[in-house]
Amino acid sequence: MTPLTQRERTKIPRQKMPEQDPVVRRGNFNEVALGFTEELMLAEANRCLQCERPHCVEGCPVGVLIPQFIRALREGDIVGAVAAMKVKNSLPAICGRVCPQETQCEARCVLAKKGEPVAIGRLERYVGDYELAMRTCPLERKPSTGKKVAVVGTGPAGLTCAVDVAREGHDVVMFESLHAPGGVLIYGIPEFRLPKSVVQAEIDYAVECLGIQIHTDHVIGRTLTLTELLAEYDAVFLGTGAGLPSFMRIPGINYNGVMSANEFLTRVNLMKGYLFPEYDTPVKVGKKVAVIGAGNVAMDAARCALRLQTLQGKGGEVHIVYRRSRDEVPARAEEVHHAEEEGVIFDFLTNPVEILGDEKGNVVGMRCIRMELGEPDASGRRSPVPVPGSEFEMEVDMVIFALGTSPNPLVFVDAEGLQRTKHGTVVVKDEETGRTTMPRVWAGGDVVTGAATVVSAMGAGKRAAADINRFLAGQGTDW
Ligand code: FAD
Ligand code: SF4
Ligand code: SF4
C-alpha cells in the first residue's frame, strides 16, 4: 500500500474512543472509556506527522518517545511500540487513562493548533493494554548487590522508584500505611476511570519479576520511624503523597454528612463501598449532595455520588459548588464533560458560608453566597469576591469537601534534619536527584510538589531511582 502523504494524514479526523452511554454508566462503576479497536488505533496512528522536532515529547513530563511508538504502531509492530514506550514510561496503561494530556503532550502536538491533536493518550492506553495482556517486555533484575532500599508509600512515585532500583539488583522493601498498595491509583481514582485490575496487575508483575516486598499496614512515623529505617537500609525513598485534606473554616463543619473527598473516595474505591454487602463496608450517600471544589478530585467524588444514588435507588441530585467560573475549573476537560453528561449540576460563582444541621446534628442545608470575579491573584486567575447581600440557602443532606490536600506530617516524626516548606512539603536539594536535606533520604511525587499528577510523580520516582543507583554504586556519595 502506498504510504499516505502528509496532506492526507492531516485530513483524517481525530478518532473518538467508544464510551458507555451516560444514562447506563450512571448506574454502574464499570470503565467509561472502552479503548480503541485496532481499526481506530490505526486510523489515529496514521494522523501523526512524525515531526522532525516533535514538540509533543517536550510536553510529556517523562519524555515518552512519542513519534517512535506511534510509528511502530502504524507499521503493525506492536511489540516495537511497547519497547519504545517502556524506555521512558513503565506504566502506560495507567498514564494513557489518567494523564491530563490536553495540557501536556497533546497540548504541544503540532496538530493542536487546529484543535485536533493526535490522541497520544488513547494510543498509549492501547499499547499499555496490549502489554498488560501479552507481557512482551519483561522486567529483568541484575544480579543481587546485597544493598537494601526502603521505599515509603506505594503510589506512582514509590512504585516507579522501587521498580528502577530493584532492576539494578538492590533489595527493595516498600512500606504502605493502608491495607492495599497503589496510593491514589487504588484509593482515590475511581474504578470507572482506572480499573483497579490494571493497577493491581502492574504491582503484581513488579513483585513477581523483581522480588519487591510490600509491607502494608505499616505507618512510617508510627510502626517504624525514618531514623529506624535508616539504621537498617542503605537508602530510603519517601513517596508518601499529599493525602491530608483541607476543609473550610465555616460553621457546621462537624455535622453528620460532612466529609472530605478523600474519605468518601477511600470508602467507595479502596473499601469497595459500592459493592456492599458483598464487601463489608457500606457507604452512605445523600439525596442531594454538594461537592465543594472543581478539580479532578471533586469530579471523581461527584460522579461516585451520582452512581451510588442510582445503585441505592435514591435518585437525587449532585452539585459541584465552585467559587470561580467555568473558565477557571481546574479539572481535566474530559472529566468535566463526562460529569455533565452524567447529570452533575454545576453551581459556578457560589461559595458556602455555613453548613446547616437539624437537632440530631445531620446536615440539612448550606448557606451560600454568590461570587463575582475581581482582580487576578498570585496564580494569575481572577479572584472571586462575594457579592454583598446575595446569600441564599441550598437544601442538601451531604457535603463533600474537595479543596486540595497537603502531605500528612506523620512520616516526619523522628526525622531530624529533614527540611520542609511552610506548606508541609519536603524540600529537595535539586529536582534532578530528589535528594532531601537528610542524608540517604530521597523524596519525590506529591510529598515534594503538593498535589500534582500521576506522571509527574512517576518522573520524580524515576529520577530519584537513577540517583539512588548511582549512590549505591559509590558515585556522588557526598551529601
Ligand atoms: P500517592 O499516590 O498519594 O501515594 C502515596 C502513598 O503513601 C499512599 O498509598 C499513602 O497511603 C502512603 N503513605 C502516606 N503516608 C505514609 C506513611 N507515613 N507510611 C507509609 N505509607 C504512607 N493525577 C492525574 O495525573 N490524573 C488524574 O486523573 C488524577 N486524578 C486524581 C483523582 C483523585 C481523587 C486524587 C486524590 C488525585 C488525582 N490525581 C490525578 C493526582 C495523582 O493521583 C497524584 O498526583 C499521584 O497519585 C501522586 O503520587 P504519589 O506517589 O506522590 O502519592
Ligand atoms: Fe502524554 Fe502522559 Fe503519555 Fe507523557 S505519559 S506521553 S503526558 S499520556
Ligand atoms: Fe506526531 Fe503531533 Fe508529535 Fe508531530 S507533534 S510527532 S504530529 S504527535
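## Ligand 3

In this predicted model, the shell around ligand 3 consists of 8 nonpolar residues, with no polar and no charged ones (Ala, Val, Leu, Ile, Met, Phe, Trp, Tyr, Cys and Pro count as nonpolar, Asp, Glu, Lys and Arg as charged, and the others, Gly among them, as polar). The residues surrounding ligand 3 are Cys 48, Leu 49, Cys 51, Cys 56, Pro 67, Cys 109, Val 110 and Val 118, where a residue is near a molecule if one of its heavy atoms lies within 4 Å of it.

## Shell of ligand 1

Ligand 1 is surrounded by 34 residues, the closest being Val 98, Glu 176, Arg 193, Ile 220 and Asp 446. The shell of ligand 1 comprises 17 nonpolar, 13 polar and 4 charged residues.

Domain 2 (148-243 + 406-472) and domain 3 (247-403) each supply at least three residues to this shell; the domain bounds come from an automatic or database assignment.

For polar contacts, a pair of N or O atoms must lie within 3.5 Å. An N or O atom in the side chain of Arg 193 is 2.8 Å from an oxygen atom of ligand 1. A nitrogen atom of ligand 1 lies 2.9 Å from a backbone N or O atom of Ile 220.

On its own, ligand 1 has 1000 Å² of accessible area, of which the protein covers 94% (Shrake-Rupley method, 1.4 Å probe).

## Basis of the values

Residues are numbered from 1 along each chain as its sequence is written, and chains are lettered from A and ligands numbered from 1 in the order in which they are written. Local features need pLDDT of at least 70, side-chain atom pairs count only at pLDDT 80 or more, and totals for chains, interfaces and linings use all residues, while side-chain values use heavy atoms, with hydrogens and water left out.

Definitions and conventions:
Polar contact = N/O pair within 3.5 Å; in protein donor to acceptor, adjacent residues only side chain to side chain.
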